[in-house]
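Dear colleague,

Here is the structure I promised to pass on to you. My notes on its cavities and on one helix contact follow below it.

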Amino acid sequence: MVVQTRGRHKESPLKPLGAQPPPPQAAGAPQPGASPRSGRGLQQKQPGRQLSCGAGAMRKGGTGRKGAKSEPQKPSAPLAQRVRELLGLGQEGSLRGWRHGLQVFIEEKGAFIMRADSKIWFTFILAAFAGVLHWCHITTLFENDRHFSHLSTLEREMAFRTEMGLYYSYFKTIIEAPSFWNGMWMIMNDKLTEYPLVINTLKRFNLYPEVVLASWYRIYTGVMDFIGVQTKTCWTVNRGERLSPVESCEGLGDPASFYVAVIFLLNGLMMSLFFIYGTYLSGSRLGGLVTVLCYFFNHGECTRVMWTPPLRESFSYPFLVLQMLLLTYILRTPNINRGSLIALCVSNVFFMLPWQFAQFVLLTQIASLFAVYVVGYIDSLKLQKILCAHMASLALCFILMFGNSMLLTSYYAASLAVIWAHISNLLKSKFIGYKDFDTLMYTCAAEFDFMEKETPIRYTKTLLLPVVLVVFGIIIMKAIKYIVWVLSQKDLCEREDHFNHGELVYHALQLLAYTVLGILIMRLKLFLTPHLCVMASLVCSKQLFGWLFGKIQPKTLVFAILAIMAIEGSANLQKQWNIMGEFSNLPQEELLEWIKSSTRQDAVFAGAMPTMASVKLSALRPIVNHPHYEDAGLRARTKIVYSMYSRKPAKEVKRELLRLGVNYYILEESWCIRRTKPGCSMPEIWDVEEPANAGKIPLCNLMSKDPRPYFNTVFQNSIYRVLKVTRE
C-alpha cells in the first residue's frame, strides 16, 4: 500500500510501385477491356442509372443478345502439342518464354495490388491515427476535470450523477453478483428501483451496454486472476485536513475505470469512422481530414462524452455514424448486395438498443429518404430494401427489449400513441407556450430548451457554418436543376449528364432534419454539429466543385479553409485543455455514509431524482423515483415526491408518501429557491399546476424550520436534510 497525497502527479506505409510497362501482346490476343467472345470492347460500368443511348443503343428489332459472329472453328491440335503450348515449350524446347510471361504478369499485377492496397491501408492508418488522437483527447479532458484516477470508489460513483449513476448501478449489480446469470436475474427482477414494484429493468431501460460491459469485465478479471496478472494498483490518498484518507485504485481491474475506458475507446473508434465517412462521401482523404478537424475545432458542440461518459448517447451515437456510412454506400451503389443490408440492420440494432431517443432520429432518416425517393433520386426497389432493413432491426430490438412498447409506438406509428401525452405536450410548450408540471420539468432544464443564440455564432467563428451553407446551397441548386430537367425533357438519355447523386441530396435533407431537432431541443445538437462536420468534407468533392478545381488546386483551397478554421478552433481546444478540477462532494458523501450505517437495508427513500440515483447506486437502498423521466408511471411517482416543494399541506404530502411506502425523505433546501430561469423554481412550477395554492408558503420552507409532527429530522448537513416519515 502506497501513501500518497492527492495531487496531479502519479505513478511509414509502403510507397506504391511505379507503373510497369505493359507486357508484349501475342498476335491475336485480346486487348485489355475486350470481350474474348465477340471481340468488342467492354464498356466501363458507372454508378447510378445505366441507360443505353445513342446510335449503338439496342432497339426493338435489333440483334438482341446474338453479338458478332465468331470465326469458323479450327480442328483441335493433338493433345501433346496443346500441352507443350500450355507449358510454353515451343520449338526452342525450354520454359524460358513461359517463365518470362509469368514474371511479367506477376510484376504487373503485383504493382497494381500494391498501389490499390497502399491507398486503402494509408486511409485506414490515417483513420486509426484520428481515433487514437480523439481517445487521448477525451481521456485527458475527463481526467483533468475530475482527477478520476485518484478518487475513491465512493467518489467515483458520486461522480456519476443523475441518470448516469442509475445506469452504472446495474453494471455494478452484475459484476458483484455471484455469477453473471445471477446478476442478469437480479436486474430483470429488480426490487430497488421503483419500490414496491418488481420491474424488468432490461425491458424498461436501455441497459444492454451495461450487460455487455459487465460480461467483458467478469471475463477480463477472471482470465487475469487465472494467469496471475495484477489488474489494478491501490494506494492511500490523503485528502487534506479534517478529511479521512481514502483508498484509490487504478487500472482496468477497477470497475469504474474499466467502464469509462471502454466508453472512451468506443468514441475513439467513432472518430476513425468519421474520417472514413468524410473520405468516402467526398471521394478524397482531404475530405476525411476536414471532417476530423472540424469535429475537433467544434468539440464542445459535438459531444458530451468527456464530461458524462455513462449517458446513452455515448454508447449509441458511434453506431449511428457507422449506420449512415453504410447508408451512403447503399445509396451510391447501383446494385445492393445482401451483406450491406444485413450490416445496415445490425448497425440499426446497435444504435437503437442503448438509447431511447434513437428511434426518433431514424424516423427523420426515413422521412429524408422518402423525400429523396419522391424527387426521383432513388428507385422504389432500393427504398423498399432499406425499409425492410429498418423494420427487421426494429423487430429485433422489440424482441431483445422484451416487448418495449415505446419502440413500436414511437417509431413508425404516425400517432405516437403511447407517448402523445409526453412528446406532443413538449412540442406544444415550444410553439404555443403550453405549460404543465411535466413540460416545465423538461423545458426548465437547459439541455431541453431551445438552442442557445450563441451556438450559430460559435459555428460561424470556426467557419463551419459558412462552409456548410455553401456546400448545402450548391447541392440544392444542382438538385433543383436536375429535377427541372427531368420534368421538362422526354429523352431519358440526357439525364445522365446532370446531377445524379442521391446520397448527397439525402445528406442535405438529413441536415435540415437535424437542424430542426437541434433548434427545438439544445441537447440534440449533438446530431447537428457532427453532421455539419461531415457535410464540410464535401468542399473536397469533385461532383460539387469540379468546376472550381480546374482553376485552383484542391489542396490549396482546403488548407486555406482549414488555416482560417484553426484560428478559432485552436482557441476552443485550448479552453478545453485549461479546464482543471477535482471532484469532491463532501455533503453527499456524509449523507451516503450515514444512510449505510444508520438505516436498515430495506429502508425506502424518496427525494430529488439525481440524489436518488446515488442512493440506489452507493447505499443500495430501495427508492421510489429515479432520473429516467420518460416513463409515464415514473413521472406520476416523481410528481408525488416533488409535492414536498409545492404549497400543499404537510398532512396531504405525508399521506401520499406513505402510500408509496416511503420511510425517509431527503430534502434539499436549495430546491426551494433554485431557478434556472424565471418561472422555473419548484414552487413556481407547482403554481402552474395548482394556481389555487399560489401565495402560500412552500412546504419545503416549513419543513426546513420544523418538520413536526408529520416528519422528524434524523440527519442534517449543509445541503441535505433527511426527514423520517412518522407512522402515527
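By a cavity I mean, on a 1 Å grid over the protein atoms alone, a set of points where a 1.4 Å probe fits but cannot get out, with lining residues having an atom within 4 Å of a point; a volume is the space filled by probe spheres set on the points, which are joined across faces, edges and corners. This is a predicted model, in which local features need pLDDT of at least 70 and side-chain atom pairs count only at pLDDT 80 or more, while totals for chains, interfaces and linings use all residues. Residues are numbered from 1 along each chain as its sequence is written, and side-chain values use heavy atoms, with hydrogens and water left out.

The largest cavity holds about 90 Å³ of space, and the residues that line it include Asn267, Arg304, Glu313 and Tyr317. Helix H11 (312–332) gives the largest share of this lining, 3 residues; helices here are DSSP runs (H or I, at least four residues), numbered from the N terminus.

The second largest cavity has a volume of about 50 Å³, and its lining residues include Phe274, Tyr317, Met324 and His531. Here, too, H11 provides the largest share, 4 residues.

Finally, helix H4 (residues 162–176) and helix H8 (residues 255–282) pack at an angle of about 120 degrees, their axes lying 11 Å apart, where axes are lines fitted to C-alpha atoms over the stretch in contact and angles run from 0 to 180 degrees between N-to-C directions. Their contact (heavy atoms within 4.5 Å) involves residues including Tyr167 and Phe171 of H4 and Pro255 and Phe258 of H8.

Best wishes

Conventions: Helices (H or I, at least four residues) and strands (E, at least two) are DSSP runs, numbered from the N terminus. On a 1 Å grid over the protein atoms alone, a cavity is a set of points where a 1.4 Å probe fits but cannot get out, and a pocket is an open set with protein on both sides within 12 Å along at least five of seven lines; lining residues have an atom within 4 Å of a point.
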